[in-house]
Amino acid sequence: MLQVKYREFTTLLFELYQLKSVFALLDWDTQVNMPEKGSQRRGETVAYLAGLLHHKFVSREFENLLKSVRKLNQEGKLDEKQSAVVREVYREFTREKKLPENFVRELAQVTSQAHQVWTRARKENKFHSFLPYLERIIDLKRREAEYVGYRQSPYDALLDTYEPGAKATEIDIIFTDLKEFLVPFLKKIQKTKSPSKTRLASGGKIQIKSLKGNFLLEKQKEWGRMVARALGFDFTAGRIDQAVHPFATNFHPEDVRITTRFNLHDLFYSLMSTIHEVGHALYEQGLPAENFGTPLAESISLGIHESQSRVWENQVGRSLPFWKYFYPALQRKFPKPFGKIKLEDFYRALNSVRPSLIRTESDEVTYNLHIVLRFELEKELIEGKLDARDAPEVWNQKMKEYFGLVPKTDREGILQDVHWSAGLFGYFPTYALGNLYSAQFYAAAKHSNPGLESQFARGKFAKFRAWLKTNIHIHGRFYSASQLCKKITGKPLNTKYFTDYLTLKYSQIYKLSD
Ligand code: CO
């Protein structure tokens, strides 16, 4: 009886996951293959599928099954994996059930219009034309928080969508720590001679722009695929395609898709984003395929997901050992300009710290400050402490305080990111959490594998990949993000590992003294 109920439950759950896969496939196709004229009809198909998925999920039939398996769980009749499945499905179910259908439809409608309005407003640099939409979206997101419920801040209810269990007050503490380290650290770096002016091994001057050149598309593609393969991306269980925005998606742990984009003058524009997406993909390919159709074959949270992309992109892909291995081949493949640039100089140029107005163009040191700024702003907007019309001014004040830069236009300021127009409030913090988790996990991996970096220098990444897989990927959503962090690193998430990592790396690059 017991196993029969649980089986009925997972059978229906499996159907939901089949629909999710179809949904993801359509979304991938929309971004990679769809001809321009297909967009209208595709929108209708996607909307139909989304409705179908929602109906099946919150149906009476599914609710009853969920109730009975929850009862079994409360009676202690399920094993711990089954129990985790029930817990995770129930969490999503209650959230979905709390949102009235007309609210979901209104939000979808407003954000779809807002996307177009934002695109134009950004192009024309007119914040005031986006303002009415921003106000409506904030209003809707506050309503969403009311429907979902929260204890302290309505922001918690939104954050929970992307980072289950995280609270604004905890993020506040972590981000304040981070800011108190980063702002003076950045000033210290800026006061030293930039790598362009310090003595270089080759005697000349080097700047990030010395890494620019002319890089044929086909050669860039070959190079990117070679690196992806070396890191362990499984091409028999995945593909790399081209799209406007790089992303990773999966239909199943054995079919994981990533995309990249190219700039003919900047090799690293594509390469670093490819490595980033490979990190996401290795997570997806590392999930236990045998559990497909349950949360046990899904990623924990956006923060944990981002930790996997960041660790490959930054701790590995921007490290000296990594380039010790790949640089000679890079020099052979692209003798212009790399033939004349020495490895150490290349490494320092690749890691130059330059505060930027634009989040997506920023380096490891300044990136998190962009996130802190957005978090502080969006939290106040959601809590009703800041009026949307005053947001650009607050944005610019904070830019000055944290980066010493003031955007001349809103296009380089508050209008730069797509997130708010899409209703993604509570999403930004996951980027910084990913960076923090990546540093903390990486420290643990190095601790249990002291020779890790000398392996990278020999082009060997299998041990590190296996460490990530056994410690993180194979668990799916069995643990929460904070449980996993404690289990692997022995400590709750904190900024120390990240700030230690930056201090060590950039003290060496910029020859900082204490
Ligand atoms: Co990412």
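His276 and His280 sit four residues apart in helix H10 (residues 267-286), about one turn of the helix. Helices here are DSSP runs of H or I, at least four residues, numbered from the N terminus. This is a predicted model: local features need pLDDT of at least 70, side-chain atom pairs count only at pLDDT 80 or more, and totals for chains, interfaces and linings use all residues. Residues are numbered from 1 along each chain as its sequence is written, and side-chain values use heavy atoms, without hydrogens and water.

**Cobalt site**
- His276 (NE2), His280 (NE2) and Glu306 (OE) are the protein donors of the cobalt ion, 2.2 Å from it.
- Donors are N, O and S atoms within 2.8 Å of the metal (3.2 Å for Na, K and Ca); water is not among the atoms, so sites may look incomplete.
- The donor spacing in sequence is H-x3-H-x25-E.
- Both His276 and His280 are buried (under 20% relative accessible area, 1.4 Å probe, protein chains only).

**Nonpolar cores**
- The largest nonpolar core holds 155 residues.
- Phe9, Phe268, Trp323 and Phe338 have the most contacts inside this core.
- A core joins buried Ala, Val, Leu, Ile, Met, Phe, Trp, Tyr and Cys residues through side-chain atoms within 4.5 Å.
- Beyond its neighbours within four places in sequence, Phe9 is in contact (heavy atoms within 4.5 Å) with Phe62, Leu65, Leu66, Val69, Val85, Val86 and Val89.
- A second, separate core has six residues, including Trp28, Val32, Ala243 and Phe247.

Technical notes
Helices (H or I, at least four residues) and strands (E, at least two) are DSSP runs, numbered from the N terminus. Buried means under 20% relative accessible area, exposed over 50%, partly exposed in between (1.4 Å probe, protein chains only).
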